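I opened this model to look up a few things about its side chains. My notes follow in the order I took them.

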Amino acid sequence: MRKRFSWKPFTSFLILCAFLMILFSGLVLYIAPPGRIANWTHWMLGPLDKEQWQAMHTVFALVFVAAAVLHLVFNWRVLLAYLKTRLHTGTSNRREFATASLLTVGVLALTLAGVPPFSTVMAVGEWAKNSWAGTETEPPVPHAEGLTLAQLAATTKQPPDKMLSTLERAGVRDAAAGITVGELASRNGLTPQQLYGRARATAGPMPVN
């Protein structure tokens, strides 16, 4: 006879798996470049880009919360009995509880106040993120991938017609003043950064197919 599916161990395993996914994706996002660089260069770690890592982190955080709530539902009687016992007999770990509570409040306060070593953790994260920045990886303006070609030309002070002509000569298909940099790059299998490089290239002879 097939063993009946047990929801309690399933919930415990789900909590563990969700925690590991949150931990791993959180570490990735800790060192990931800022959005302006990630979107411009189409930054990826493994098979996922930054938006996908963010989505994974958020979704598994919700899965973790849902599984934790389910775990409490399955074990509410045990938890209730434990709380009743503590209320009747009094807690024997008052110092430990008070110390843990004070430590939590202290860490929160010092983190918000920007006091080392907690501020150092954030500073290291910012350093790791900004280490991706450079002359080649910085967009001409933040989130330039959302600009149309006409807006990009105006922002970079290039004649729109010349930009479109240069892109055409570089073999870029579907270039039009009203299309966004990100959309045009995606259509041509390029990153916005690569597309912009072609848009700035000196016009040369038409490519031979």
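**Entry 1: salt bridges**

I began with R187. It forms a salt bridge with E183, and the closest N and O atoms are 3.0 Å apart. I note that this is a predicted model. R187 and E183 sit 4 residues apart in helix α9, so about one helical turn separates them. E183 is partly exposed at 36% relative accessibility. R187 is also listed as partly exposed, at 42%.

D174 is partly exposed, with a relative accessible area of 45%.

I then looked at how these bridges connect. They share partners, and D174, E183 and R187 are joined into one network.

How many salt bridges does a search of the whole structure find? I got 3. One of them pairs R36 with E138, with the closest N and O atoms 2.9 Å apart. R36 is in helix α2 (residues 35–41), while E138 is in the loop between α6 and α7. The two are 102 residues apart, and the pair links distant parts of the chain. I read R36 as partly exposed at 25% relative accessibility. E138 is partly exposed too, at 29%.

**Entry 2: aromatic pairs**

I counted aromatic pairs next. The count comes to 6. I looked at F5 and W7 in detail. Their ring centres are 5.0 Å apart and their planes stand at 75°, so I logged the pair as edge-to-face; the cut-off for that is over 60 degrees. F5 and F10 have their centres 5.6 Å apart and their planes at 55°, so that pair is tilted.

F5 is exposed, with a relative accessible area of 51%. W7 is partly exposed at 48%. F10 is partly exposed at 33%. I noted F5, W7 and F10 as one aromatic cluster.

**Entry 3: helix α1**

I moved on to helix α1, residues 7–31. It has 25 residues and reaches 36 Å from its first C-alpha to its last. That is close to the 36 Å expected at 1.5 Å a residue. Which residues of α1 are buried? I listed T11, I15, A18, I22, S25, V28 and L29. The buried residues of α1 pack against β1 (44–45), α3 (50–74) and α6 (118–130).

**Entry 4: nonpolar cores**

Last, I looked up the cores. The largest nonpolar core has 17 residues. Within it, L149, M163, L167, L184 and L195 touch the most other members. The elements that give two or more residues to this core are α7 (149–155), α8 (160–169), α9 (181–187) and α10 (192–200).

I followed the contacts of L149. Leaving out residues up to four places away in sequence, L149 touches M163, L164, L167, A175, A176, A177, I179, V181 and L184.

I also found a second, separate core of 8 residues. Its members include V28, L48, W53 and M56. I had already listed V28 among the buried residues of α1.

Technical notes:
Residues numbered from 1 in each chain as written. Predicted model: local features only at pLDDT ≥ 70, side-chain atom pairs only at ≥ 80, totals over all residues. Heavy atoms only, no water. Expected span 1.5 Å × (residues − 1). Buried < 20%, exposed > 50% of the residue type's maximum accessible area, 1.4 Å probe, protein only. Contact = heavy atoms within 4.5 Å. Phe/Tyr/Trp six-rings, centres within 6.5 Å; stacked < 30°, edge-to-face > 60°. Core = buried A, V, L, I, M, F, W, Y, C linked by side-chain atoms within 4.5 Å. Salt bridge = Lys/Arg side-chain N within 4 Å of Asp/Glu carboxyl O.
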